[in-house]
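Keep the sequence and the structure in view while reading.

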Amino acid sequence: MGTALGTTMLLPGTAVAASAPDLSTLQRQLVVARAQFRSAHYADLAEALPRLRRDALAAQAHTTGARRQAASALLARVHILASELAVKSGASDEARERARSAVAAGESSGNVIVLAEATRVCATPLRRQGRAAGAVLLLQDMITALTGAASSTPEPPLVSATGSLALTAAYSAALEGRRTTALSLMEMAADAAGRLARTPQSYSGGLTAGQVQLYQVGVHHLLGQDIAAVRAAQRLHPSTLPTGERRARLGTDTARALIAVGDYERALTALHAVEEAASEEASRPSVRALTRELLVRRPRLTGLKTFAARTGAEPL
């Protein structure tokens with residue numbers, strides 16, 4: 001998996017096609033690519049992304065006016081997906097570059113929701129550079145910008161984007177130990193999810209209460225509130241989360257909290273849940289690190305060595 005998700009998956013010098021591909025076709029391909037990410041089929045996605053990015057660049061380069069803006073929005077979302085995929089493989093530099101490209105394309109699209117999505121993915125590379133405070137400020141500024149766009153943007157996408165930004169900002173603030181800021185942002189996200197839950201059924205997608213609960217696990221852990229994190233995880237049934245990638249995130253965050261409180265057996269159960277939700281997630285660098293931590297703390301734990309061997313997490 002590490003090779004498949006390496007920094008060569010989207011080369012800066014990829015050639016642009018001679019003519020603009022059809023936007024409708026590219027949109028359908030993007031839907032497929034997103035589904036691959038959500039189901040954690042990362043190797044397949046890594047294989048498909050270079051061509052999709054090339055074609056999206058060509059579409060932007062060979063169109064004008066409203067069609068160029070639409071092509072820019074599509075390109076931004078391709079870059080967003082590439083940044084998220086790079087995060088999964090631990091390729092922080094690539095994740096940062098793709099996030100920057102996503103923001104540039106989002107600005108060209110003239111679509112504040114697309115720009116918000118692109119801004120959100122900048123947070124993880126910033127955090128990994130030790131710039132969590134900068135991530136919080138960036139996301140809060142984008143939330144303010146969305147507030148200013150309320151009169152010209154449909155409410156459900158606006159509320160969903162605001163809540164998603166708040167969740168990511170809360171996690172970033174928690175990483176710095178800023179408890180008041182993190183919990184305030186979590187309340188903002190919970191309010192947004194509640195508003196969306198009252199939206200007519202004609203609106204699909206967007207932030208859910210389950211996603212807010214998922215972030216509660218990680219935020220409480222980062223704030224050193226691991227008992228609260230474990231309790232939050234217990235209240236959230238995996239079936240509430242719509243994708244394998246999110247269910248794997250729940251298992252990962254739960255394992256972190258359980259290791260912190262010394263419950264190693266249940267931590268291994270949580271890691272098994274990661275593998276069950278999305279097998280490629282169990283081989284990610286961050287999950288391997290948790291497995292290695294268990295090997296150090298409880299090397300004779302039943303089934304641990306087999307799990308470590310299967311997921312490539314043998315001791316370094």
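## Helices around the pocket

Three helices each give at least two residues to the lining of the second largest pocket: α11 (226–235), α12 (244–260) and α13 (264–277). Helices here are DSSP runs (H or I, at least four residues), numbered from the N terminus. The largest share comes from α13, with 6 residues of the lining.

This is a predicted model: local features need pLDDT of at least 70, side-chain atom pairs count only at pLDDT 80 or more, and totals for chains, interfaces and linings use all residues. Residues are numbered from 1 along each chain as its sequence is written, and side-chain values use heavy atoms, with hydrogens and water left out.

## Space and lining

The second largest pocket holds about 370 Å³ of space. Its lining has 17 residues, and P238, L250, T254, A270 and A273 are the closest to the pocket centre. By class, 9 lining residues are nonpolar, 5 are polar and 3 are charged. Ala, Val, Leu, Ile, Met, Phe, Trp, Tyr, Cys and Pro count as nonpolar, Asp, Glu, Lys and Arg as charged, and the others, Gly among them, as polar.

A pocket is an open set of points on a 1 Å grid over the protein atoms alone, where a 1.4 Å probe fits, with protein on both sides within 12 Å along at least five of seven lines; lining residues have an atom within 4 Å of a point. Points are joined across faces, edges and corners, and the volume is the space filled by probe spheres set on them.

## Salt bridges

The structure holds 18 salt bridges (a side-chain nitrogen of Lys or Arg within 4 Å of a carboxyl oxygen of Asp or Glu). Side chains of opposite charge can pair when their charged atoms come close.

Which parts does the bridge between E275 and R310 tie together? The two side chains meet at 2.8 Å, N to O. E275 lies in helix α13 and R310 in helix α15 (residues 304–311), so the pair links parts 35 residues apart in sequence. Salt bridges that share partners also join K88, E245, R246, E281 and R284 into one network.

## Burial of the partners

Buried means under 20% relative accessible area, exposed over 50%, and partly exposed in between (1.4 Å probe, protein chains only). R310 is partly exposed at 46%.

R96 and E97 pair at 3.8 Å, N to O. R96 is buried at 18%, whereas E97 is partly exposed at 35%. E176 and R178 form another bridge, with their closest N and O atoms 3.4 Å apart. E176 is partly exposed at 40%, and R178 is partly exposed at 30%.
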